[in-house]
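Please look over the sequence and the structure before reading on.

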Amino acid sequence: MKYIVTGGAGFIGSHIVEAIAESHEVIIIDNFSSGKQENLSMFAEGVSSIRGSITDLPLLNDVFQGADGIFHLGAIASVARSVNNPVATHETNLTGTLNVLLAARDCGVKKVVFSSSSAIYGDEPTLPKREDMQPVPLSPYAVSKLAAEYYCNVFSELYGVKTVSLRYFNVFGPRQDPHSEYAAVIPKFITRLLNNKPPLIFGDGKQTRDFVYVKDVVRVNLLAMDSSATGIYNVGSGQSIDLNTLARRIAAIMKVNLSPVYEKQRSGDIRDSVSDIRAAKKALGYQIGYSLDQGLEETIKWFSLLKSGIKM
Ligand code: NAD
């Protein structure tokens, strides 16, 4: 098979490439705005990467020729950046997705698996989040993901491009960037502890999140690609944990005795989040393969090796 991975040099995209590279032809399209060349360093033959943008429709029309499926992850993946620059987020996340769908249609690609986000649920308090709940997008990022889901549905209905939108909750794992201002909490906790600094928590630490290990996210992408199902599915672990407990768990695995320090809650942070994953289980055969501790252990190991300068 020939697969395209947009955003394949990024955190999640590079794990998808890793999973499919051995048995398929893979082409990555990435503008390397947050993706990194080093995320691709382990891939040998069978994988080619194109430095280009999903906003470039002629490029997509060229590269998508003969492709069997598109894993579409290319995006400005940050709520904060979208608040600072809504136009850039709109162009990449929404116009970019429309371009991916148009090129898929015109090149006869059978399936597009789109990386959406739980951000579309906003702060409506009902838990767990189910796909049929009313979305409450609270940022340009969430609007772009929700509108892109609608485009995916429309392209399935109107043009026969089969699409699946996967609403990720908090994905974590090796290669997640701990250094950006907008980095996720798990790589931040781990790198602070590796540097003998206490985990930093914004607010009282009682806020809850649903963390899902990146390899489970890869698996559901592959299931979605192979399945005849279309539509929108949550991708989380189906369980939540508060940040105080999470910080203690990570410190215990790392055998470090450092309690969290607290700063003022950030505006716009939601209080609680947890997914209902029954729809993905039923339609796609999604199963959680990694417990939180297993995922944390693999992630901590990776960051520890990185710190000691060992190439992975
Ligand atoms: P990431 O920033 O590591 O990956 C995004 C990739 O897209 C990067 O490699 C970036 O260079 C690339 N990109 C950006 N603009 C592009 C453009 N115009 N053309 C081509 N490539 C472009 O982020 P990630 O965490 O790996 O996220 C992957 C996808 O999953 C994104 O669509 C994101 O919105 C979504 N998502 C992630 C999470 C999470 O917890 N990490 C949660 C919900 C949704």
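This is a predicted model: local features need pLDDT of at least 70, side-chain atom pairs count only at pLDDT 80 or more; totals for chains, interfaces and linings use all residues.

Residues are numbered from 1 along each chain as its sequence is written, and side-chain values use heavy atoms, with hydrogens and water left out. The chain has ten helices and 13 strands; helices (H or I, at least four residues) and strands (E, at least two) are DSSP runs, numbered from the N terminus.

**Whole chain**

- The radius of gyration is 19 Å, close to the 20 Å that the globule rule gives for 312 residues, so the chain is as compact as a globular protein of that length. The radius is taken over C-alpha atoms, and the globule rule is 2.2 Å times the number of residues to the power 0.38.
- Along the principal axes, the C-alpha atoms fill a box of roughly 55 × 45 × 40 Å.
- Of the 312 residues, 51% count as buried. Buried means under 20% relative accessible area, exposed over 50%, and partly exposed in between (1.4 Å probe, protein chains only).
- The chain exposes about 14,200 Å², and carbon and sulfur atoms supply 51% of that area. Accessible areas come from the Shrake-Rupley method with a 1.4 Å probe; for residues, only the protein chains shown count as cover.
- Among contacts between residues at least 6 apart in sequence, 77% join residues at least 24 apart. Contact means heavy atoms within 4.5 Å.

**Ligand site**

- The ligand is surrounded by 29 residues, and the closest are Asp 30, Ser 34, Leu 73, Tyr 141 and Lys 145. A residue is near a molecule or strand if one of its heavy atoms lies within 4 Å of it.
- The shell residues divide into 13 nonpolar, 14 polar and two charged. Ala, Val, Leu, Ile, Met, Phe, Trp, Tyr, Cys and Pro count as nonpolar, Asp, Glu, Lys and Arg as charged, and the others, Gly among them, as polar.
- A polar side-chain atom of Asn 31 lies 3.3 Å from a nitrogen atom of the ligand. A polar contact is a pair of N or O atoms within 3.5 Å; within protein, one must be able to donate a hydrogen and the other to accept it, and residues adjacent in sequence count only if both atoms are side-chain atoms.
- Taken alone, the ligand exposes 830 Å², of which the protein buries 91%.
- Helix 1 (11-20), strand 2 (25-30), strand 5 (111-117), helix 5 (140-159) and strand 7 (170-172) each give two or more residues to the shell. Strand 5 gives the most, with three residues.

- Gly 10 lies in the loop between strand 1 (2-6) and helix 1, and is buried at 13% relative accessible area.
- Not counting residues up to four places away in sequence, Gly 10 touches Asp 30, Gly 35 and Asn 39.
- Ser 82 belongs to helix 3 (residues 79-84) and is buried, with a relative accessible area of 0%.
- A polar side-chain atom of Ser 82 lies 2.9 Å from the backbone nitrogen of Tyr 141.
- Beyond residues up to four places away in sequence, Ser 82 touches Thr 89, Ser 139, Pro 140 and Tyr 141.

**Helix 6**

- The buried residues of helix 6 (residues 185-194) are Ile 186, Pro 187, Phe 189, Ile 190, Thr 191 and Leu 193.
- These buried residues pack against strand 7, strand 8 (200-202), strand 10 (211-213), helix 8 (243-254) and helix 10 (292-307).
- Just after helix 6, Asn 196 takes a positive phi of about 60°.

**Backbone geometry in loops**

- The peptide bond from Leu 127 to Pro 128 is cis, with omega near -10°. Pro 128 is in the loop between strand 5 and helix 5.
- Arg 175, a residue other than glycine, has a positive phi near 75°. Arg 175 is in the loop between strand 7 and helix 6 and counts as buried at 10% relative accessibility.
- Lys 255 has a positive phi of about 55° although it is not a glycine. Lys 255 lies in the loop between helix 8 and strand 13 (261-263) and is exposed, with a relative accessible area of 76%.
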